[in-house]
Amino acid sequence: MAMHGMRGLSVFISDIRNCQNKEQERLRVDKELGNVRTRFKNEKGLTPYEKKKYVWKMLYIYMLGYDVDFGHMEAVSLISAPKYPEKQVGYIVTSSLLNENHDFLRLAINTVRNDIIGRNETFQCLALTMVGNIGGREFAESLAPDVQKLLLSSSCRPLVRKKAALCLLRLYRKNPDVVNVDGWTDRMAQLLDERDLGVLTSSMSLFVALVSNNHEAYWTCLPKCVKILERLARNLDVPQEYTYYGIPSPWLQVKTMRALQYFPTIEDPNTRRILFEVLQRILMGTDVVKNVNKNNASHAVLFEALALVMHLDAEKEMMSQCVALLGKFIAVREPNIRYLGLENMTRMLLVTDMQDIIKRHQAQIITSLKDPDISIRRRALDLLYGMCDVSNAKDIVEELLQYLSTADFAMREELSLKAAILAEKFAPDLSWYVDAILQLIDKAGDFISDDIWFRVVQFVTNNEDLQSYAAAKAREFLDKPAVHETMVKVSAYILGEFSHLLAKSPGCSPKEIFNIIHEKHPTVPTSTIPVLLSAYAKILMHTQPPDPELQNQIWAIFNKYESCIDVEIQQRAAEYFALSRKGAALMDILAEMPKFPERQSALIKKAEEAEVDTAEQSAIKLRAQQQMSNALVVIDQLATNGAPPPPQVNQLSLVKMPSMSSTADHNPADQALSVANGTLSTVDPQPPSADLLGDLLGPLAIEGPPAAAVPSEHNVVSGLEGIPNVVDGAAIVPVGEETNSVQPIGNIAERFHALCLKDSGVLYEDPYIQIGIKAEWRAHHGRLVLFLGNKNTSPLVSVQALILPPAHLKIELSLVPETIPPRAQVQCPLEIVNLRPSRDVAVLDFSYKFGTNTVNVKLRLPAVINKFLQPIPVSAEEFFPQWRSLSGPPLKLQEVVRSVRPMPLLEMANLLNSYCLMICSGLDPNPNNLVAGTTFYSESTRAMLCLVRNIIVSVFDPGN
Amino acid sequence: MIHFVLLISRQGKVRLTKWYSPYSQKERAKVIRELSGVILTRGPKLCNFVDWRGFKVVYKRYASLYFCMCIDQDDNELEILEIIHHYVEILDRYFGSVCELDLIFNFHKAYYILDELLIAGELQESSKKTVARLIAAQDSLVETAKEQANSISNIIAQATK
């Protein structure tokens with residue numbers, strides 16, 4: 001070990017350590033800072049050694065937490081010193097003292113650049129390290145190309161290249177607009193072939209950043225990642241120094257699996273098989289061992305493998321294996337594993353169909369709520385919150401309420417908010433909801449926001465059956481000796497409003513109710529008094545015939561507050577007093593409050609907003625979005641097979657599940673149509689639509705053999721499609737417009753178009769329902785799940801969904817329940833088979849009843865032609881001969897679009913890409929032409945290669 | 001990614017800070033204050049992770065010193081925990097059974113080594129052997145420069161005699 005000590009520095013550090021107290025330390029630091037400042041002022045007399053020493057002292061003082069507001073210049077100037085020792089100190093101290101926003105850094109850019117492009121490899125390393133740690137925009141602008149060159153240079157040694165990779169990562173992460181990564185596909189692929197594991201580790205980090213931004217460009221790298229993972233997992237050819245406690249670089253394994261999670265899926269069956277073999281090996285082959293580090297490293301790999309399995313939507317069997325594994329983890333002694341088990345189980349909730357299996361572990365999760373470690377308790381709370389639905393809300397909320405009294409203060413607010421939200425969302429019946437919230441207020445008064453008690457008042461006011469129950473409960477709670485002021489408020493409000501409903505019960509005469517409320521009067525703060533006054537006025541109004549004694553008592557109170565210093569109280573007192581003397585007028589003015597308009601819960605809104613705030617461009621979020629549109633609040637994950645929901649209590653009737661055929665007879669014309677569709681093909685009645693999608697897909701369309709149009713069918717379809725709103729883009733066709741008083745939220749056509757490019761999102765939304773979609777496409781098969789979410793606290797009834805499929809699609813819709821329970825969501829899977837090419841669109845005819853409103857909408861389903869495409873790269877040798885061999889229609893279609901503003905090439909390329917047409921760059925001699933290839937799948941044609949040139953389209957059928 | 005690395009002693013003294021995300025001087029002081037409060041008070045036998053302002057802090061105690069790294073919510077916690085251990089092993093190898101005093105008086109060494117391990121908040125090298133080799137090479141460069149300086153100054157000193 002070489003210690004090139006600096007005596008001055010050591011002496012200073014010893015001095016600081018010998019200080020008896022903070023004051024002495026400060027004096028010593030001030031003295032030193034004064035000394036350094038004077039020495040720097042007279043810079044000429046400083047030797048490089050002294051300069052180095054003072055700069056280190058500055059860093060030390062800075063680290064102790066003192067402000068160092070001078071000397072930055074000296075630190076930066078050391079960077080340009082000619083000798084290694086000074087340069088090294090300059091770089092390190094600068095990158096520790098400053099951050100990317102400091103102006104001083106600008107002064108160093110030139111020197112840094114010279115070091116990077118110079119031949120001295122140790123200088124290159126220093127410069128790359130600093131830029132990698134604190135480089136900002138200006139560094140990205142002037143250095144990115146040089147750094148890229150170093151990374152790819154074959155003459156550079158690994159020690160330089162691995163630093164260049166991470167340096168580039170930083171510049172790219174901070175300024176993706178400045179660092180140009182076009183054409184990096186091949187370079188990245190080349191980097192992933194790297195043999196040196198240090199360089200590969202750094203390159204993999206860079207790769208993760210690149211794919212997270214745009215996975216489309218890096219499909220070709222996917223098999224390489226799988227290969228790397230396989231090599232590490234099987235420990236093939238991994239140098240000893242890169243194994244960590246016997247595990248081949250756990251970090252590289254984790255990173256590689258992280259990169260794979262940014263690809264939506266893995267198509268190639270062979271690659272998929274290899275990957276799943278590796279994953280299976282990791283899942284099953286990781287044992288708990290004695291050595292902590294070995295355990296941590298192997299479990300780091302295991303948890304990443306779990307995340308990847310979840311992401312890839314593996315077979316149900318493997319998923320169940322994962323849940324079983326997690327279930328084991330949440331019960332082990334080792335706290336880290338418990339924590340991660342809970343965290344990953346929460347992530348698992350996003351996977352369709354896993355909720356029921358996770359629910360089996362509910363008891364253990366509830367136990368974790370009492371873990372000695374707050375980090376673990378938080379994870380358990382998150383998980384319980386996420387897994388709660390109508391079936392287990394009772395248990396979970398009651399458990400949370402019980403836990404409230406012992407929970408740490410740091411968690412109580414979050415806990416009570418979550419309990420309130422769950423109670424509202426999943427209440428099996430409303431009286432239970434009232435019980436839960438009142439208990440919540442009783443136990444956690446200080447942590448209850450006004451939103452929570454406002455909400456319970458809204459519910460009680462809007463539900464007549466609930467009012468006397470709530471009043472009785474409120475009276476019970478108010479009877480307790482020490483009551484929180486929020487409880488006084490909510491009870492006083494409810495009793496004022498509804499206690500007359502109890503008048504016949506023992507102990508509930510107006511006078512008695514008044515006494516119970518008034519007993520709390522001396523203990524409440526001023527802010528509660530107005531609520532009490534209103535309650536008194538209401539009690540007075542409800543007391544028929546009037547009770548003179550009670551009247552005098554209440555009048556006396558009003559009188560007393562008429563001179564109150566608080567304006568609100570004064571006004572109420574004065575007004576109530578005057579009103580209560582007017583007799584009949586009092587009845588009108590103080591009559592029961594009208595019902596509140598149906599509105600979104602402020603609590604749930606708050607929770608959703610909080611979620612948006614913390615949303616990040618992170619893998620888990622992306623994953624979550626791929627799983628399910630984030631706009632959907634998953635409330636009740638019913639089993640997709642249409643099984644009835646778990647038994648429900650009281651008001652909420654059991655949901656009936658009529659079969660498709662029984663709903664179909666409701667509309668004989670539609671049924672006839674669906675039968676006709678099986679055998680007949682149709683002439684496309686759809687006029688060319690004005691939207692971009694239509695334009696682009698138009699030329700691709702391959703018309704089926706012309707067949708006689710069936711009149712009735714034609715009518716129905718054109719009735720759907722031919723309405724003028726093709727132009728304005730509104731796809732909703734109000735069949736009986738007069739009955740549709742419900743306005744959709746958002747533009748339906750825009751939602752449809754967005755879904756043509758994406759596989760999940762919202763298809764339709766109005767104040768009562770939200771219909772979300774999640775789809776998966778494989779060759780000519782598709783599976784589409786409709787998520788029907790009831791946004792209200794009352795059930796939606798007479799729900800009917802009917803598919804009007806065009807001739808070329810075979811669509812099977814599973815059962816749709818007739819009723820959607822309050823705040824619940826049902827999933828209805830659709831199986832789709834593409835029989836032959838066509839550009840017709842399937843339509844979902846959807847209707848439901850809410851109260852007296854009948855809503856009926858017809859929605860285009862995004863099962864459009866490009867969903868059956870799979871991009872395929874084509875080489876010049878393949879493209880042109882085939883292109884030329886196609887003579888003309890019907891195999892080659894040409895459409896000239898005149899007098900339109902040309903689209904920028906890049907935009908056009910992106911657009912084609914999003915339609916799953918793979919751009920093959922550099923094929924066409926004319927750089928303004930775009931060439932693309934794709935494979936089209938349908939049952940009659942099987943796989944079919946399609947080639948596109950510019951926007952000239954040709955279809956080539958290898959069978960012909 | 002790792003947003004910052006902190007080394008804090010049991011008494012709350014800061015032994016090393018490295019910031020990969022831009023924090024101003026004020027924010028840095030606040031972060032250190034807050035986290036010392038959270039981490040130093042945690043008992044033994046609890047897990048090594050703490051939720052903090054939408055981030056996660058992974059920490060581990062070695063004798064009197066806490067090594068802390070702040071990461072994003074969805075990063076792999078155990079991976080980071082082992083980066084900490086990896087760093088400690090390299091320090092241990094370099095100093096020969098490292099103790100807090102080594103890091104106090106040679107804090108600049110701790111910085112050099114950290115820079116060979118992490119850049120941009122990502123792991124750059126997972127081979128202890130390679131890191132040790134690179135640090136040794138740096139040391140010898142500094143030694144050589146010192147010897148040269150000494151010999152030149154000797155020459156000058158002798159010449160001016």
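Are Y94(B) and F95(B) buried or exposed? Y94(B) is buried, and F95(B) is buried too (buried: under 20% relative accessible area; exposed: over 50%; partly exposed: in between; 1.4 Å probe, protein chains only).

1. Basis. This is a predicted model, in which local features need pLDDT of at least 70 and side-chain atom pairs count only at pLDDT 80 or more, while totals for chains, interfaces and linings use all residues. Residues are numbered from 1 along each chain as its sequence is written, chains are lettered from A and ligands numbered from 1 in the order in which they are written, and side-chain values use heavy atoms, leaving out hydrogens and water.

2. Aromatic pairs in chain B. Rings of Phe, Tyr and Trp (its six-membered ring) pair if their centres lie within 6.5 Å; planes under 30 degrees apart count as stacked, over 60 as edge-to-face and the rest as tilted. Over all chains there are 27 aromatic pairs. W52(B) and F55(B) make a tilted one, at 6.4 Å centre to centre and 35° between the planes. W52(B) is buried at 7% relative accessible area, whereas F55(B) is partly exposed at 23%. The ring centres of Y94(B) and F95(B) are 5.2 Å apart with planes at 85°, so this pair is edge-to-face.

3. Ring cluster. Ring pairs also join residues of both chains A and B: F12(A), W56(A), Y60(A), F107(B), Y111(B) and Y112(B) form a cluster.

4. Charges over rings (NZ of Lys or CZ of Arg within 6 Å of the ring centre and within 35 degrees of the ring normal). The charged end of R37(A) sits over F70(A), 4.4 Å from the ring centre. K87(A) lies over the face of F123(A), at 4.8 Å from the centre of that ring.
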